[in-house]
Amino acid sequence: MAVLGILSVTLEVPELETGVRFYTDAGLTADITGNVARLRCPNQTRHSVELVGGASRKRLHHLALRAENLAGISARVVQAGGKIVAAPPGFEAAGSWVEDPHGMLIHLSQVPADAPLEAGGSFEINAPGRLVRIRRSAIRPGAAYGPAKPLRLGHVLVFSPDVPKSVRFVIDGLGMGLADRAQDVIAFCCARKNSDHHVIAFAKSPAIGFHHASFQVCDPDEVGRGGRALLAKTGHGDWGFGRHTIGSNFFHYIQDPWGSWFEYYSDMDYIDDHSLWTPTNYDMADSLANWGPAVPPDFVHNYESDADNAPGFGAATAADRVTQDEVRQARQR
Ligand SMILES: [Fe+2]
C-alpha cells in the first residue's frame, strides 16, 4: 500500500532540441515524437526523463512513481493534505494522478519492477593492512574507457516551500519513509522496502520546482570520468567529484541548460526495511557533502521560482540566499 520507487520526471522546457542534446550527451537514449522527448537509460526499455518542448521556461511538470495498491493510496491522499486530480491532457490516464499540498503533480502507476541490474565489477582499494590488488594497475589509460552509461534513475530532488509538510505528505499519503534530513532545510525519503536511501528528496525554496535527477553508474571512477566528460560538452557549471554524508553516495553534478542539475552517483546507502532504519537529523554542515569542491553559488537556486527576474545562472533570489547562507555559515562553524 505504498510507493515502491521512482519511474521518471517530466519537465516542460523551452527548446526540446537543447534538452535532448544535454541528456544524450549525459548517456541517455532519446525517443522523440512531435514536441515530446522520452529519454531512457540505454539498458532499459522505459524512459526516466520526459521533456515537453515549447514552454516559455523550464518547469517541473510531474514526477512518476511506481506504487502498489493505488486505491489504498487514493484513500489517504486527501487526508494527508493532497488532492486526487484528473490526468493532464495528453498524458497517460491509467494509474492515479495526485497533487501534494503544494500543488506538485505526481503520477502513480502500478507497473512491474525493472529487471535487476547485472552485477558490476567489485570496486576495491588497496587499504592499510588489506591488499586486494598486487602486480596490476587499477586504472587503464583514459582512452580505454568509453562514455558513462547511466544504468537507472535513482532519485529526484525537488524544491518545496515547506519541507516538513512535503515529507509528511509522502509518508502519510504515499506510504514512504523518512531516511534522513538536515533540520527543516532538506529531507530524503525512501520507499519502505528495498529502497535506495532516497527516492525523492526535498530542499527548501520559495516555490516548488525541479532541482536534479540522479543516475546510477557502475562505480566511483565512472562518476568522476562521466562528470568531467559531460562538463566538457556542456560548458555550464558543475559540482563534484565529491561524497555526500547523507546517503553516502559519490556524486558529480552537471548543470543542465536551464540551471537545474544532472547527477551521476555510485555507492548509495540501501534501506531494505525502513522499520529497521533510524533517521538522523544532521547539522546543516553535513547537509550538502562530506567532502568535495566548493559548492557553486546557485546550487540550491530554484530557477522556477523567479525565472522572470533571473538574467542568468548565479542570480539567486533573496529567499534562496537565505538558504544558501544557512548552509555556508553552518559549514564555517
Ligand atoms: Fe542527488
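Start by selecting strand 16 (residues 250–255) and strand 17 (residues 261–266): six bridges join them, and they run antiparallel. Helices (H or I, at least four residues) and strands (E, at least two) are DSSP runs, numbered from the N terminus. Two strands count as paired if DSSP finds at least two bridges between them. Within this pair, look for Gln 255, which stands opposite Trp 261 in strand 17. Strands of a sheet pair through backbone hydrogen bonds, either parallel or antiparallel.

The model is predicted: local features need pLDDT of at least 70, side-chain atom pairs count only at pLDDT 80 or more, and totals for chains, interfaces and linings use all residues. Residues are numbered from 1 along each chain as its sequence is written, and side-chain values use heavy atoms, with hydrogens and water left out.

**The sheet around this pair**

Nine strands form an open sheet in the order 15-16-17-14-9-13-11-10-19, with mixed pairing. Strand 15 and strand 19 (280–282) are the edge strands, each pairing on one side only. Neighbouring strands are turned by 20 degrees against each other on average, direction ignored. Axes here are lines fitted to C-alpha atoms, for helices over the stretch in contact, and angles run from 0 to 180 degrees between N-to-C directions.

Helix 4 lies across strand 15, strand 16 and strand 17, running at about 10 degrees to strand 16.

His 212 in strand 14 (residues 209–216) and Glu 263 in strand 17 are 51 residues apart, a pair that links distant parts of the chain.

Are His 212 and Glu 263 buried or exposed? His 212 is buried, with a relative accessible area of 3%, and Glu 263 is also buried, at 0%. Buried means under 20% relative accessible area, exposed over 50%, and partly exposed in between (1.4 Å probe, protein chains only).

Go to strand 15 (residues 238–243), where Arg 243 is found. Arg 243 counts as partly exposed because its relative accessibility is 22%. Leaving out residues up to four places away in sequence, Arg 243 touches Ser 248, Asn 249, Phe 250, Phe 251, Asp 267, Ala 289, Asn 290 and Trp 291. Contact means heavy atoms within 4.5 Å. Phe 241 is also in strand 15, and the peptide bond from Gly 240 to Phe 241 is cis, with omega near -5 degrees.

Next select Ser 248, in the loop between strand 15 and strand 16. The side chain of Ser 248 makes a polar contact with the side chain of Asp 269 (2.8 Å). A polar contact is a pair of N or O atoms within 3.5 Å; within protein, one must be able to donate a hydrogen and the other to accept it, and residues adjacent in sequence count only if both atoms are side-chain atoms.

Asp 267 is in the loop between strand 17 and strand 18 (270–273). Asp 267 has a positive phi of about 65 degrees although it is not a glycine. With a relative accessible area of 42%, Asp 267 is partly exposed.

Move to strand 1 (residues 3–12), where eight of the ten residues are buried. Eight bridges join strand 1 to strand 5 (residues 59–67) in an antiparallel pair, and Glu 12 stands opposite Arg 59 there. Strand 1 also pairs with strand 4 (residues 49–52), in the parallel sense, over four bridges.

Last, show the largest nonpolar core, which has 56 residues; Tyr 23, Leu 51, Leu 108 and Leu 174 have the most contacts inside it. A nonpolar core is a set of buried Ala, Val, Leu, Ile, Met, Phe, Trp, Tyr and Cys residues joined through side-chain atoms within 4.5 Å. Helix 3 (residues 163–172) supplies the largest share of this core, five residues. A second, separate core of 13 residues includes Ala 182, Phe 188, Ile 246 and Met 284.
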